[in-house]
Amino acid sequence: MLFRSHYISNEVFEELGEAKERIPDFLPEGLNLRITKSRIVDSALKMLLRELEEKGEASILVKLLLKEKNSKKIRSEERRVGKEGRTG
């Protein structure tokens, strides 16, 4: 296993910790399965990448990335318009 560092938002980091605490509640009682944040991230990425391979541009990952880009574009435009309104 390789150890790499990747940046995630504070919001996702907090949700990851919450998921780590909740997942054991969904597993059969007595199952000795170690749940770690790394294991959750690895599983989630495998699932997303598999779906990306199968569905391409219709995948959830592509849709989320496009939605995020569009949201950033809208916020950037709102800031630009706001600055023009204050100076004009």
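I start with Lys55, which at 48% relative accessibility counts as partly exposed. On the cut-offs used here, buried means under 20% relative accessible area, exposed means over 50%, and partly exposed is in between, with a 1.4 Å probe and protein chains only.

Before going on, the conditions. This is a predicted model, in which local features need pLDDT of at least 70, side-chain atom pairs count only at pLDDT 80 or more, and totals for chains, interfaces and linings use all residues. Residues are numbered from 1 along each chain as its sequence is written, and side-chain values use heavy atoms, with hydrogens and water left out.

Back to the lysine. Which residue forms a salt bridge with Lys55? The partner is Glu51, and the closest N and O atoms are 3.6 Å apart. The term salt bridge here is a side-chain nitrogen of Lys or Arg within 4 Å of a carboxyl oxygen of Asp or Glu. In general terms, side chains of opposite charge can pair when their charged atoms come close. Lys55 and Glu51 are four residues apart in helix 2, so about one helical turn separates them. Is Glu51 buried or exposed? Glu51 counts as buried, at 13% relative accessibility.

How many salt bridges does a search of the whole structure find? The search gives two. The other pair to show is Asp42 with Lys46, where the closest N and O atoms are 3.2 Å apart. These residues are also in helix 2, which covers residues 37–55, and being four residues apart they are separated by about one helical turn. Asp42 is partly exposed at 39% relative accessible area, and Lys46 is partly exposed at 47%.

Now the chain as a whole. What elements does the protein chain have? There are three helices and zero strands, and from the N terminus on the order is α-α-α. The radius of gyration is 19 Å, well over the 12 Å that the globule rule gives for 88 residues, so the protein chain is more spread out than a compact globule. For the record, helices (H or I, at least four residues) and strands (E, at least two) are DSSP runs, numbered from the N terminus. The radius is taken over C-alpha atoms, and the globule rule is 2.2 Å times the number of residues to the power 0.38.

Along its principal axes, the C-alpha trace spans about 65 × 30 × 25 Å. Of the 88 residues, 8% count as buried. The protein chain exposes about 8,500 Å², and carbon and sulfur atoms supply 56% of that area. Accessible areas come from the Shrake-Rupley method with a 1.4 Å probe; for residues, only the protein chains shown count as cover.

Some distances go with that picture. Lys46 in helix 2 and Glu84 are 38 residues apart along the chain, and their C-alpha atoms are separated by 45 Å. Met47, also found in helix 2, is exposed at 52% relative accessibility. Met47 and Ser76 are 29 residues apart in sequence and 32 Å apart in space, C-alpha to C-alpha.

On to helix 1, residues 10–26. Ala19 is found in this helix and is buried, with a relative accessible area of 16%. Ala19 and Ile40 are 21 residues apart in sequence, with 8.4 Å between them in space, C-alpha to C-alpha.

Which residues form a nonpolar patch on the surface? Ile8, Val12 and Phe13 do, with about 270 Å² of accessible area together. Val12 has its place in helix 1 and is partly exposed, at 41% relative accessible area. Patches are made of residues with over 30% relative accessible area and no salt bridge; like charges are joined within 9 Å, and nonpolar side chains (Val, Leu, Ile, Met, Phe, Trp, Tyr) within 5 Å.

A negative surface patch is formed by Glu11, Glu14, Glu15 and Glu18. Of these, Glu14 is found in helix 1 and counts as exposed at 52% relative accessibility.

Last, the charges overall. The protein chain has 19 positive and 16 negative side chains, and the centres of the two sets lie 5 Å apart. Lys and Arg count as positive and Asp and Glu as negative, while His and the chain ends are not counted. Each charge is placed at NZ of Lys, CZ of Arg, CG of Asp or CD of Glu.
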